[in-house]
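Reader: I have a structure to look at. Can you show me how to read its features, step by step?

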There are 2 protein chains.
Amino acid sequence: MRCPAADDLGATGPPAPAPPEVSDIYEVIHRRRDVRGQFTGEPIPDDVLARVLAAAHAAPSVGLSQPWDFILIRSAATRAAFHEHVMHERDVFAATLPDSSSFEKIKIEGVRESTLSIVVTYDPDRGSPAVLGRHAIADAGLYSVCLAIQNLWLAATAESLGVGWVSFYRESFVQEMLGIPPSVRPVAWLCLGPVTHLESTPDLERHGWRRRTPWQEAVHSERWPSFTPGRED
Amino acid sequence: MRCPAADDLGATGPPAPAPPEVSDIYEVIHRRRDVRGQFTGEPIPDDVLARVLAAAHAAPSVGLSQPWDFILIRSAATRAAFHEHVMHERDVFAATLPDSSSFEKIKIEGVRESTLSIVVTYDPDRGSPAVLGRHAIADAGLYSVCLAIQNLWLAATAESLGVGWVSFYRESFVQEMLGIPPSVRPVAWLCLGPVTHLESTPDLERHGWRRRTPWQEAVHSERWPSFTPGRED
């Protein structure tokens, strides 16, 4: 089916393969998964972890503010306490569903099985008061932190590690548990470590929660589309 | 100097190089720049643009909601109108600085010189009401959009294109100009296209606005640090 919203870039199917000199990054981008059940708990060599963290720190940031921090958590006690909190929040979410049967089989975290956790935070005071590029968009610093997270995720994937972003938690719980000041915001709790394998299909799609859309549906020309074909919501 | 905050991963300097099979992505991550002055305006081949957009769309998203859209803007009139708005916001920011002399020489956008613009948006209604993983963190969908942006940025860099994120604008201006509904939030205005070269040092560092910190300063063990050496703010 011809999809005019796709800006004439190829209406269906995957794009043409990249030439060999640029294809490696695409392999990593498309192989990357949000891991829950495949962590082995094996150690991460220090040099690998250093490369992954340096890659995160090399992300672009508004006004070169580099407003992120990475707290590495190996403590079993801290991770057990967080896990308990996540299980509670899982119940909170399940209670909002009209029918939670499809949610019940979905694993939402690998906090205890993964090798370590990395809490990524955002400090809006870094580089303030005059953060170049943030006066009109207060969230621009928060965006920078997410760019660092994706660098971390891709670097870890290239290193054959799995990453799982856990988001069933209250920010205030993490702040209190880790002594994070009220002005600094936890953005992500990431599980990291060696894995048995990466699934070729995202967990939520495998378990029938939701299916990925073709990339062409997200691409539009010149203006917001008045109608997007094939979109349910 | 030994830096205990760095979690024993190597206290100073860059991490050890990656083995050849994983090093390509690091080369891209560290070569990537936020481009303003190096755009040539030459065309982007359709297959290249398709790969870059498909890479963005392959990002992880909370609850597999894929809440992003990409509006490709080639219209010179639209870009000229946006450029005028950005110049106004530049003046607004400059007026807040006690001394704007170091800001005056910094170019903040390449909207008219680049080949095209891509406006990236966030639609919180995608996949709602029950977005898995968003009940406790309302911004989780916004974070997903930023992960897609970093995929786009790295893919473009691998394709020898430059990307420049312009953030001197009011979201409401972009919504109105492009017919974006009030419920959908513009997250980024990206300039994209071939470049003469990528600078080896970020513009803001070259122009003395701010210097990058060593990655080790952003890494901590187990808890938020009570004191971070070498940090000014």
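This is a predicted model: local features need pLDDT of at least 70, side-chain atom pairs count only at pLDDT 80 or more; totals for chains, interfaces and linings use all residues.

Reader: Where is Ala130(B) found in chain B?

Author: Look for the loop between β2 (116–122) and α5 (140–158) of chain B; Ala130(B) is found there.

Reader: Which residues is Ala130(B) in contact with, leaving aside its neighbours within four places in sequence?

Author: Look across to chain A. Ala130(B) is in contact with Phe93(A), Leu97(A) and Trp209(A).

Reader: How do I read the relation between two copies?

Author: Two copies of a chain are related by a rotation about an axis and a shift along it. Here, a rotation of 180° with 0.0 Å of shift superposes chain B on chain A, with an RMSD of 0.0 Å. That is the relation of a two-fold axis. Also, 100% of the interface residues of chain B are interface residues in chain A too, so the copies meet through the same surface.

Reader: At what angle do helix α2 and helix α5 of chain A pack?

Author: Their angle is about 150°, and their axes are 7 Å apart. Over 145 degrees counts as roughly antiparallel, so α2(A) and α5(A) are roughly antiparallel to each other. The crossing is right-handed.

Reader: Which residues meet there?

Author: From α2(A), Val52(A), Leu53(A), Ala55(A) and Ala56(A). From α5(A), Ala148(A), Asn151(A), Leu152(A), Ala155(A) and Ala156(A). Eight residues of this contact are nonpolar, one is polar and none is charged.

Technical notes. Residues are numbered from 1 along each chain as its sequence is written. Chains are lettered from A and ligands numbered from 1 in the order in which they are written. Side-chain values use heavy atoms; hydrogens and water are left out. Axes are lines fitted to C-alpha atoms, for helices over the stretch in contact, and angles run from 0 to 180 degrees between N-to-C directions. Helices (H or I, at least four residues) and strands (E, at least two) are DSSP runs, numbered from the N terminus. Angles under 35 degrees count as roughly parallel, over 145 as roughly antiparallel, 65 to 115 as roughly perpendicular and the rest as oblique. A crossing is left-handed if the near helix is turned anticlockwise from the far one by less than a right angle, and right-handed if clockwise. Contact means heavy atoms within 4.5 Å. Ala, Val, Leu, Ile, Met, Phe, Trp, Tyr, Cys and Pro count as nonpolar, Asp, Glu, Lys and Arg as charged, and the others, Gly among them, as polar. Copies are superposed by least squares on the C-alpha atoms of residues with pLDDT of at least 70 in both.
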